[in-house]
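Please look over the sequence and the fold below before reading on.

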Amino acid sequence: MKAIRLRPGRERSLQRRHPWVFEGSIAKGAADPGETVRVEDAEGRFLAWGAYSPKSMIRVRAWSFDEAQRIDRAFFERRVQAAVALRQRLPIASNGLRLVHGEADGLPGLIVDRYGDDLCAQFLSAGVERWKETLADQLLQATGAARLYERSDASVRGLEGLPEHTGWLRAGSAGGGETEVTINEHAWHLTLDMATGHKTGFYLDQRDNRALFARWVKQGGYQRVLNCFSYTGGFTVAALAAGAGHVTSVDSSGPALERVTVNVALNGFDAARSETLDADVNQFLRDSLKAGRRFDAIVLDPPKFAPTAAHAERAARAYKDINRLALMLLEPGGLLLTFSCSGGIPADLFHKIVAGAGLDAGVNAAIVQRLEGACDHPTTLEFPEGEYLKGLALIRL
Ligand code: SAH
């Protein structure tokens, strides 16, 4: 087994069971991509078993802090089974769910979503890439799913020195076939395409917030709803189900908007209640303000403006701007659900940004609920960096 020796003092984060070793912490040692290495402190004492990634800033991701642990097929089988067992304990009102959430499930770099009888996975680190075939078999075995589609086309693969790869990893008896699937989330039917959608095809992390939005819309009797960054219209369907008279869905992705229309029809709603707009949200908000439009409820769920803390300042300006405009477009008594999925923007900073937006807009609002990602996207006590989605429900005063 190859050893990776850390520089003096750099053992502390592994001792706190944080699973990453950065390039700058390493004194000596190297291995092949994804190879299991023994990480030791400056004196040669064992710290962790991990996967080596020669191109990545995160040079080692820990598999285990137990020296007696062997990193073999059985090890991965137990981790996969544990992830599946955890999900069975969670109250998830859908047959679409996050089955493996990377570090939080002890499998750094592996994302697996389940859509009914199908799985869709992203292998985003050298470690899980090396164990891919083993993991694929174990995932099917642990879930009873027949097919597994691979979506290893995220840009972080580049940081790991891994080429992009997509396609059927396990095609089932039918030899692959249709990548479009329909899930039942809450009382709704939502279609997605594992091959062409964003990430693995769907934003499962917003599941609980979509249900919450439906409840708020129903209670408030909100009629004119604006869904910004709508993607395939999860929040749109939620609002229509809750009795909204009309929903405007805005996104810059044409294919996503086509699917909004499909999802609206699939749930039996009159097409006249839904309007889709292929536009830049910022521009749309400005134009709407100029045109004197007003809405009773607005969702703002933008993409990651700040992937890391280094982008936080620019991202803060962008978040502030759209929140300021949205607050101005909202009727008094109206509801705003506003989110950030940027790991680089912690919840307290996001709240300050939205507060600043309110001040600039000259609008006060009651914070009626703090929002986060669904429970099948957990963080762990050892890895708080896993936290990324945060939001606020506001009612304009
Ligand atoms: N709320 C959605 C997920 C939103 S993901 C859901 O519940 O499923 C973010 C979306 O923002 C993506 O669909 C992306 O196409 C869109 N997007 C990114 N930048 C945009 C921009 N400047 N204007 C409009 N849409 C944008």
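A residue is called buried when its relative accessible area is under 20%, exposed when it is over 50%, and partly exposed in between. This is a predicted model, and the values given here are computed from it.

In general, an α-helix has 3.6 residues a turn, so residues three or four places apart point the same way.

In helix 11, the buried residues are Phe350, His351, Ile353, Val354, Gly356, Ala357, Gly358 and Ala361. Among the elements that cover them are helix 10 (312-329), strand 18, strand 19 (365-372) and strand 20 (390-396). Just after helix 11 comes glycine 362, which takes a positive phi of about 70 degrees.

| Helix | Residues | Number of residues | Span | Expected span |
|---|---|---|---|---|
| Helix 8 | 254-266 | 13 residues | 19 Å | 18 Å |
| Helix 11 | 347-361 | 15 residues | 21 Å | 21 Å |

For helix 8 the span is close to the expected value, and for helix 11 it is likewise close.

Most residues other than glycine have a negative phi. Arginine 17 is not a glycine, yet it has a positive phi of about 70 degrees. Its place is in the loop between helix 1 (12-15) and strand 2 (20-22), and arginine 17 is partly exposed, with a relative accessible area of 41%. Histidine 186, also a residue other than glycine, has a positive phi near 55 degrees. Histidine 186 is found in the loop between strand 12 and strand 13, and with a relative accessible area of 27% it is partly exposed.

Isoleucine 4 lies in strand 1 (residues 2-6), and it counts as buried because its relative accessibility is 0%. Leaving aside residues up to four places away in sequence, isoleucine 4 touches Ile26, Lys28, Gly29, Ala30, Val37, Arg38, Val39, Glu40, Tyr52 and Val60. Isoleucine 4 and leucine 119, which are 115 residues apart in sequence, are 35 Å apart in space, C-alpha to C-alpha.

Is arginine 87 buried or exposed? Arginine 87 has 5% relative accessibility and therefore counts as buried. This arginine 87 belongs to helix 2 (residues 73-88). Its contacts, again not counting residues up to four places away in sequence, are Ile92, Leu97, Arg98, Leu99, Val100, His101, Asp105, Asp376 and Pro378.

Phenylalanine 339 is placed in strand 18 (residues 330-340), and at 1% relative accessibility it too counts as buried. Although phenylalanine 339 and glutamine 206 are 133 residues apart in sequence, their C-alpha atoms are 9.9 Å apart in space.

**A cavity and a pocket**

How many cavities of 30 Å³ or more are counted in the model? The count comes to one cavity. The largest cavity has a volume of about 40 Å³, and it is lined by Ala51, Ser53, Val60, Arg61, Trp63, Pro108, Ser125, Ala126 and Gly127. Strand 6 (58-64) and helix 3 (126-130) each supply at least two residues of this lining, and the largest share, three residues, comes from strand 6. By class, the lining of the largest cavity has five nonpolar, three polar and one charged residues. Val60 belongs to this lining and is also among the contacts of isoleucine 4.

The second largest pocket has a volume of about 290 Å³. Of the 16 residues that line the second largest pocket, Phe65, Arg79, Glu103, Gly106 and Glu382 are the closest to its centre. Strand 6 supplies the largest share of the lining of this pocket, with three residues. The lining of the second largest pocket has seven nonpolar, three polar and six charged residues.

Terms used
Residues numbered from 1 in each chain as written. Predicted model: local features only at pLDDT ≥ 70, side-chain atom pairs only at ≥ 80, totals over all residues. Heavy atoms only, no water. 1 Å grid on protein atoms, 1.4 Å probe; cavity = no way out; pocket = protein on both sides within 12 Å on 5 of 7 lines; lining within 4 Å. Points joined across faces, edges and corners; volume = space filled by probe spheres on them. Helix = DSSP H or I, 4+ residues; strand = E, 2+ residues; numbered from the N terminus. Nonpolar A, V, L, I, M, F, W, Y, C, P; charged D, E, K, R; others polar. Expected span 1.5 Å × (residues − 1). Buried < 20%, exposed > 50% of the residue type's maximum accessible area, 1.4 Å probe, protein only. Contact = heavy atoms within 4.5 Å.
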